[in-house]
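This report goes through selected features of a structure, chain by chain. The sequence and coordinates come first.

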Amino acid sequence: MKRLLTTLICIMILAPCAYSLDSENAEQLLKEQEIQTRIDKIGINLLNYNKIPRRIVFVYDKREKKKFLTTDKALTKRQIILYDGLYQSIQTDDELAAMLAREISTAIKSYSGIWGGMLDSLEVTLGSKKFETVADKRAVDYMVNAGYNPLALIVYINKTCPQKRFDKFSRHNLTSKRLARIYEYITYKYPDYLKNNDYINNEYYQNFLLNSIENRRMLQVKIENNSTEELDYE
Amino acid sequence: MNKLLTILLAISFLLQGITFANEIPLDETKKPAANTEEIQTNTQNTNISELPYDYSSTEAIPIKLSIINEVSTKDGLIEGQKLKFKVLEDVYYENMPVVKKDDIITGTVETIITSGMNGFPAEIIVDDFEIAGINSSQLISTYIKKGQNRCFWVYPLKWALTIIPFVGSLTNFIMGGHARIKTKDVITIYYFPKWK
């Protein structure tokens, strides 16, 4: 009898502990579900408003991105993965849309061309510098069409992408060059966003304005001279 | 001793009861409907999308166009530039004219992808066609024109030449072809009359 009672007491004491662990997991799960829903909603908005008749899925991954030996899932599986490290830098829906719009433009490229888009995907991988600029520009278009502010792309890149010393032998452009090209693209194509600038009070945007003085000056000269020449930004 | 154990057991039961009472409530949407009326309201389907778009209809009318003046990535084409197109044939929807032959409509150069090393071609992406009386949200109109793709022979050549040190890398300097939209190119865009 004693043994039975002791066993029952042990079970009763341990059961709530197991339950509390479960509720912690459930809370974590709910949090992740909330993030996933937010990503899905904005991603699907971008696809629908831009009338993109292709399937692309969005996945939130709480792990850190592995830098090497990974293929770009946007090109191979048309799956856009948002890693937690990046997600933490994203504050507004506009910034999240900026991140997703860039990846969508890469994923779309994998649908065009022969062999089910394999050749075009290879093109994006090998000519990554050129397609980085294209993806940035297409992202601006996608954001505008879906009603997001394209200046958020500048804020997002300014916050998350490091600045290398050179880009001559790199597969990526200097971040400052990318930002300047995006700013130029918005200046010419969507000037209203700069005239009625919602980001003027944004610290990150002001930081971009501060670190892009030289590049913006070059653009100003180009506009004044009505030039169509491609600028060699720093 | 047995009494003490029984008391402890009773306390454990009580504690567990309190813990389970704090269970997470069901989400509003997951709660069962209160009555049949509510169920009926939930299942009523009016088939009208409240979203700013509704892609239910598959009915698409092709509109064939050709460019008026030939353009190329070689000739200083710029992003955002407006291009003029000519309608190639009359288009009707429910016996009403949508566009007539030789009508002029404009499209915008959305993006230009310059030609790259190893024979990768240039590309012109044209979109945002403007047709009088048609909402742009009712059109699927992205048109992509690519230049000559030389990777097909550049890559085999590169790999064949790798046996001679550094020579394979010389193929890097072979550029892809420029993209050119010619006047004889037929561009088809689609008008979805039932879309919002």
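## Basis

The structure is a predicted model. Every value below is computed from that model.

## Nonpolar core of chain A residues

The largest nonpolar core has 65 residues. Ala97(A), Leu100(A), Ile104(A) and Leu153(A) are the residues with the most contacts inside this core. Helix H4 of chain A, residues 93-109, gives the most to the core, with 9 residues.

Leaving aside residues up to four places away in sequence, Leu153(A) touches Ala98(A), Asp136(A), Ala139(A), Val140(A), Met143(A) and Ile182(A). In general terms, nonpolar side chains of soluble globular proteins tend to be buried together.

## Packing of H4(A) and H7(A)

H4(A) packs against helix H7 of chain A, residues 151-160, at an angle of about 80 degrees, and the two axes are 8 Å apart. Because angles of 65 to 115 degrees count as roughly perpendicular, H4(A) is roughly perpendicular to H7(A).

From H4(A), the contact uses Asp94(A), Glu95(A), Ala97(A), Ala98(A) and Met99(A). H7(A) contributes Ala152(A), Leu153(A), Val155(A) and Tyr156(A). By residue class, the contact of H4(A) with H7(A) divides into 7 nonpolar, no polar and 2 charged residues. Two of the contact residues, Ala97(A) and Leu153(A), are also listed among those with the most contacts inside the largest nonpolar core.

## A parallel strand pair in chain A

Strand S1 (residues 57-61) and strand S2 (residues 79-83) of chain A run parallel. They are joined by 5 bridges. In one of the pairings, Tyr60(A) has Leu82(A) in S2(A) as its bridge partner.

## Overall make-up of chain B

Chain B contains 3 helices and 11 strands. Along the sequence, the pattern of these elements is α-α-β-β-β-β-β-β-β-β-β-α-β-β. Of its 196 residues, 20% count as buried. Among contacts in chain B with a separation of 6 or more, 66% come from residues 24 or more positions apart.

## The open sheet of chain B

An open sheet of 7 strands is present in chain B, with the order S8-S11-S1-S3-S6-S7-S9 and antiparallel pairing. Its edge strands are S8 (139-140) and S9 (143-146), and each pairs on one side only.

Within the sheet, S6(B) (residues 104-113) and S7(B) (residues 123-130) run antiparallel and are joined by 6 bridges. Ile112(B) stands opposite Ile124(B) in S7(B).

S4(B) (residues 91-93) and S5(B) (residues 96-99) pair in the antiparallel sense over 3 bridges. The two strands form a hairpin with 2 residues between them. In the turn, Glu94(B) has a positive phi of about 50 degrees. Tyr93(B) stands opposite Met96(B) in S5(B).

Asp90(B) lies in the loop between strand S3 (82-87) and S4 of chain B. Is this residue, Asp90(B), buried or exposed? Asp90(B) counts as exposed because it has 12 C-beta neighbours inside 10 Å. Not counting residues up to four places away in sequence, Asp90(B) touches Pro97(B), Lys100(B) and Lys101(B). Asp90(B) and Ser49(B) are 41 residues apart in sequence, and their C-alpha atoms are 31 Å apart in space.

Note on methods: Residues are numbered from 1 along each chain as its sequence is written. Chains are lettered from A and ligands numbered from 1 in the order in which they are written. This is a predicted model: local features need pLDDT of at least 70, side-chain atom pairs count only at pLDDT 80 or more; totals for chains, interfaces and linings use all residues. Two strands pair if DSSP finds at least two bridges between them. Helices (H or I, at least four residues) and strands (E, at least two) are DSSP runs, numbered from the N terminus. Two residues are in contact if their C-beta atoms, placed from the backbone, lie within 7 Å. A nonpolar core is a set of buried Ala, Val, Leu, Ile, Met, Phe, Trp, Tyr and Cys residues joined through C-beta atoms within 7 Å. Axes are lines fitted to C-alpha atoms, for helices over the stretch in contact, and angles run from 0 to 180 degrees between N-to-C directions. Angles under 35 degrees count as roughly parallel, over 145 as roughly antiparallel, 65 to 115 as roughly perpendicular and the rest as oblique. Ala, Val, Leu, Ile, Met, Phe, Trp, Tyr, Cys and Pro count as nonpolar, Asp, Glu, Lys and Arg as charged, and the others, Gly among them, as polar.
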